[in-house]
Amino acid sequence: WLGIDKDTPKDKLSEATYFACMKILAETMGKLPLKLYQSTENGILKADGMSEYNLLKLRPNPYMTSAVFWSTVEMNRNHYGNSFVWIQRQGTKIKNLWIMPSEDVSFVIDDAGLFGTKGKLWYRYTDRKTNLQHTFNSDEVLHFKTSMTFDGIVGMPVRDILKHTVDGALESQKFMNNLYQSGLTSKAVLEYTGDLDNTAKERLRKGFEDFASGSKNAGRIIPVPLGMKLTPLDIKLTDSQFFELKKYTALQIASAFGIKPNQINDYEKSSYASAEAQNLAFYTDTLLFVLNQYEQEITFKLLTSTKIDEGYFWKFNVGVILRADTKTQIEAMS
């Protein structure tokens, strides 16, 4: 009756804090424009003349805009621990970038050198519809992983680290849902001495419920037969610190993702002087590592060795989230 049973949905995305953290990180990646730069003797210059620039800036494949593409990659990276993008090339040029379902990709390390170079990493993708397997070498796949990796190859999803925490949060939410749906706080227990058959018990229960329900009986005294006692069933969530535990669980989940309490609307201990300071803390504590991984992988896999030697590199423009307010911008430019 507490609503804690095997039927509780185990989809982690249905847990509010988990979903909010995933949404924040995914949408943040979608907000950041990806730029191509070149380091020269005259400083760092924008290099937007290459064909790959428009591909990554506007539409990595025919079905996705750049914002949707990178937010989807980030969603997979956090939920599954690893995100994979197949680089479809046409000759020496990149034609499209395709996101492969993370659950359908496995790793193969060629220890014996059967495919050529000994010790090379390969990715095996199994198409669910055709059951065909496609094998790609590491140069054909962009691989983004979480920071939780013990071998530097396979990332661990946050949901596995927080399995019991997230499952507990799902159970508590179902308990709350059942509590409101059943009106448990307004029910009562009828105590009596003796033995009644099922028909008599059902008639007694129905009589009390009919009298207690409806606006016509609001405020009236409920008549209780002699020898019986009606005790309100009073469950106080505050007595069991239910909300405090639920809040603590939310903070644990957010902390595992690197999300600040203020980003999940917990301003109880907020010490930031401005929104700009909040964004800066989020960037340095959470996004900096993630962006470095993206930029290094994209630069190494999408640029030729010649271009890298010439100083070309990809970088996300974080100015969109670190932008100061109008007054500060005017003061800085004056």
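Two strands count as paired if DSSP finds at least two bridges between them, and that is the rule to keep in mind for the views below. Everything shown comes from a predicted model.

**View 1. Strands β5 and β6 lie side by side.** Strand β5 covers residues 105-110 and strand β6 covers residues 120-126; the two run antiparallel, with 6 bridges joining them. To get your bearings, look for I109, which sits opposite L121 in β6. Another pair to pick out is V105, with Y125 of β6 across from it.

**View 2. Strand β7 pairs with β6, and the two make a hairpin.** Here β6 meets strand β7 (residues 133-137), again in the antiparallel sense, through 5 bridges. The hairpin formed by β6 and β7 leaves 6 residues between the strands. One of the turn residues, N131, has a positive phi of about 65°.

**View 3. Put together, β5, β6 and β7 make an open sheet.** The sheet has 3 strands in the order β5-β6-β7, and the pairing is antiparallel. Its edges are β5 and β7, each of which pairs on one side only. On average, neighbouring strands here are turned by 30° against each other, ignoring direction. As a bit of background, strands of a sheet pair through backbone hydrogen bonds, either parallel or antiparallel.

**View 4. Another open sheet is built from β2, β1 and β11.** This one also lists 3 strands, in the order β2-β1-β11, with antiparallel pairing. The edge strands are β2 (43-46) and β11 (312-316), each pairing on one side only. From one strand to the next, the twist averages 40°. Zoom in on β1 (residues 34-40) and you'll find 4 bridges tying it to β2, antiparallel. S39 is a handy landmark, as it stands opposite I44 in β2.

**View 5. Helix α2 has a buried face.** Helix α2 spans residues 51-58, and E52, Y53, L55 and L56 are buried in it. Looking down the axis of α2, these buried residues fall within an arc of 165°, so they line one face of the helix. In general, an α-helix has 3.6 residues a turn, so residues three or four places apart point the same way.

**View 6. Helices α1 and α3 cross each other.** The axes of α1 (residues 16-31) and α3 (residues 66-80) come within 7 Å and cross at roughly 140°. That angle makes α1 oblique to α3. The crossing of α1 and α3 is right-handed. On the α1 side, the contacting residues are Y18, M22, L25, A26, M29 and G30. Across from them, α3 brings in A67, W70, S71, E74, M75, N78 and H79.

View 7. T72 lies in helix α3. T72 and M29 sit 43 residues apart in sequence and 9.0 Å apart in space, C-alpha to C-alpha.

**View 8. Zooming back out, here is the whole chain.** The protein chain has 11 helices and 11 strands. Of its 334 residues, 37% are buried. Take the contacts with a separation of 6 or more: residues 24 or more positions apart account for 60% of them.

Methods: Residues numbered from 1 in each chain as written. Predicted model: local features only at pLDDT ≥ 70, side-chain atom pairs only at ≥ 80, totals over all residues. Heavy atoms only, no water. Axes fitted to C-alpha atoms, helices over the stretch in contact; angles between N-to-C directions. Buried < 20%, exposed > 50% of the residue type's maximum accessible area, 1.4 Å probe, protein only. Arc of directions from axis to C-beta. Parallel < 35°, antiparallel > 145°, perpendicular 65-115°, else oblique. Left-handed = near helix turned anticlockwise from the far one by under 90°. Contact = heavy atoms within 4.5 Å.
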